[in-house]
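Work through the exercises below with the sequence and the structure open beside you. Each task is followed by a solution that goes step by step.

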Amino acid sequence: MVRKAREFSGREVPLPALLRVARIATAQRIRSALEDAGYEDLPANGPYVLSAISDAGLPLAAIIEHLGLSKQASGHLVDLLVLRGYLDRRVDPEDRRRLLVHATERGEAAALVDRKSTRLNSSH
């Protein structure tokens, strides 16, 4: 049930608390839509990484920095997404020392489910 800020125990709810509730509700909506579409094997930060790569074309380093993950945790997350068929690693043709990460067809499909689940007019 959605409550107005002033109806919560007779006090105003601080904005950070409201934003946290919105973030949690959005994450639950995304997770539910992904599970319903057969993507229940996505790890916790997987939807964010896929969306950022698929929609914005952000470099993986920028995505990982925004998530605040360690190099170890981010490497594990990418390994898991590659293993489960959501991402693909390729050697950068301009600098063979670098690896580029791209969403696979499965990753693009999961990112589309994510986008659709967060539209304001989408029914769930």
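**Exercise 1.** Describe the accessible surface of the protein and how much of the protein is buried.

*Solution.* The model is a predicted one, and its accessible surface comes to about 8800 Å², with carbon and sulfur atoms providing 54% of that area.

**Exercise 2.** List the helices and strands in order from the N terminus.

*Solution.* Begin with the count, which is five helices and two strands. Then follow the chain from the N terminus, where the order of elements reads α-α-α-α-β-β-α. As for contacts with a separation of 6 or more, 47% of them join residues 24 or more positions apart.

**Exercise 3.** Decide whether Leu15 is buried or exposed, and find the surface patch to which Leu15 belongs.

*Solution.* First locate Leu15, which lies in helix 1, spanning residues 15-36. Next consider its relative accessibility of 55%: because exposed means over 50%, Leu15 counts as exposed. Finally, look at the surface around this residue, where Leu15, Leu18 and Leu19 form a nonpolar patch whose accessible area is together about 280 Å².

**Exercise 4.** Decide whether Ser74 is buried or exposed, and name its contacts beyond four places in sequence.

*Solution.* Ser74 is placed in helix 4, which covers residues 71-83. Its relative accessible area is 9%, and since buried means under 20%, Ser74 is buried. Once neighbours within four places in sequence are left aside, Ser74 is in contact with Ile64 and Leu69.

Methods. Residues are numbered from 1 along each chain as its sequence is written. This is a predicted model: local features need pLDDT of at least 70, side-chain atom pairs count only at pLDDT 80 or more; totals for chains, interfaces and linings use all residues. Side-chain values use heavy atoms; hydrogens and water are left out. Patches are made of residues with over 30% relative accessible area and no salt bridge: like charges are joined within 9 Å, nonpolar side chains (Val, Leu, Ile, Met, Phe, Trp, Tyr) within 5 Å. Accessible areas come from the Shrake-Rupley method with a 1.4 Å probe; for residues, only the protein chains shown count as cover. A salt bridge is a side-chain nitrogen of Lys or Arg within 4 Å of a carboxyl oxygen of Asp or Glu. Helices (H or I, at least four residues) and strands (E, at least two) are DSSP runs, numbered from the N terminus. Buried means under 20% relative accessible area, exposed over 50%, partly exposed in between (1.4 Å probe, protein chains only). Contact means heavy atoms within 4.5 Å.
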